[in-house]
Amino acid sequence: MIKLPPLALLLITIGTLYATIYTATAWALPRAHAVPGGIALINLSATDSPKPMVQLGKQKILVRPHEGVWQAVIGLSLTTPVGNNTIKVSTPKQLKTVSFKVEDKRYQETHITIKDKRKVNPYKDDLERIYSEQRRSRNAFNRWSKPQPDVNFILPVTGRLSGNFGRRRFFNKQPRNPHSGMDIAAPMGTMVNSPAAGTIVETGDFFFNGNTIFIDHGQGVVTMYCHLESINVKPGDSVEQGEAIATVGMTGRVTGPHLHWSVSLNGVRIDPALFMSVEALEQLDAPNKKVTKK
Ligand SMILES: [Zn+2]
C-alpha cells in the first residue's frame, strides 16, 4: 500500500464527503421553498409501508419515494394563505391531517407597455376565444396521469432570464394577473427542448400566449411553453428529456422573442426555478445582460 502524507489523506476524505453531499443535492429536485408560488416537501411514512394518498383541499398531491420515505411534493399557488396549511394523508388504515407552514413572499412589481392595445383590452369578439382557451389550459393543467414524473428538469432553452415568476404585472398601466412562469429571451428560431420526459397533451395558437404547447409529465406535473414560432409536436406524442419540441418566437402578447415557461404542480403554477439545479440556472444570462446571438 502506498503511504500518503496526512494532508493528502485529509484532502481525499474531504473530496469524498463533498462528492456525497454534491450527489445528494444534485438529485434533490424540486427544491423546497414554502411560500405562495413555491413548493412544500413533506416527508411521510417509510417506503416499506403502503404509499399514502395526499390531498390539499380537493386536489390530489404528488407523492414520491425519496431517500427511503414517501414524500409529498406540494405546489403552493400564489394565493396560498401565509401561515398554517394542512394536507390530508390517507392510507388503507388511517386518515390524518398534517400541517405545514407557508412563509410570506413579496414579489416585485413590473410595468410593461404593449403596442397592440387589443392584447391588453380585447374586443368583445375576442372574449369567446379567450374563455375557450382558458378552459383548454385549465383542463391541461388539471390533468392527473399515472407515470411517476421525472422532476430533475433541464433548461428548455438557454438565453437571458428576462422575467421572473410571480411579478405583479401592469400592462399599459392596468393591473393584470401575476406572471405565471419564467421568461427566457433568446433569438427567434432557437430550439426549445422538453425539460423532462412526458406526453404532449395540448397545442394551439392562443390569444395571449401565442403558439403554445402543454406537456404532461405525470401525477399533476404539467409544463407549458408559449409565444413559440413553430411547434414540432402534436397531442399524443411522447417526448424524451432534451427532445426538440418547438422554436422560440414572438406570437401572442409579447414585446420581443422569448420563451414563457410555466410549471404546474397539483393544478397550480409555481416558480419553475425550483425545478432547476442552481448549476443549470447559472447557465442563464443575468437580467439586463444582452443576448449574444450564436
Ligand atoms: Zn412570461
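**Exercise 1. Identify the residues that form one aromatic cluster, and find the charge over one of these rings.**

Solution. F141, F206 and F214 make up one aromatic cluster. Rings of Phe, Tyr and Trp (its six-membered ring) pair if their centres lie within 6.5 Å; planes under 30 degrees apart count as stacked, over 60 as edge-to-face and the rest as tilted. Next, R269 lies over the face of F141, at 3.7 Å from the ring centre. Such a charge requires NZ of Lys or CZ of Arg within 6 Å of the ring centre and within 35 degrees of the ring normal.

The model is predicted: local features need pLDDT of at least 70, side-chain atom pairs count only at pLDDT 80 or more, and totals for chains, interfaces and linings use all residues. Residues are numbered from 1 along each chain as its sequence is written, and side-chain values use heavy atoms, with hydrogens and water left out.

**Exercise 2. Describe the aromatic pair of F153 and W261.**

Solution. The structure holds 6 aromatic pairs. In one of them, F153 and W261 are tilted, with 6.2 Å centre to centre and 35 degrees between the planes. F153 lies in the loop between α2 (124–141) and β9 (160–163), and W261 in strand β19 (residues 258–265), so the pair ties together parts that are 108 residues apart in sequence. Helices (H or I, at least four residues) and strands (E, at least two) are DSSP runs, numbered from the N terminus.

**Exercise 3. State which residues coordinate the zinc ion.**

Solution. H179 (NE2), D183 (OD) and H260 (ND1) coordinate the zinc ion at 2.0 to 2.1 Å. Donors are N, O and S atoms within 2.8 Å of the metal (3.2 Å for Na, K and Ca); water is not among the atoms, so sites may look incomplete. The spacing of the donor residues in sequence is H-x3-D-x76-H.
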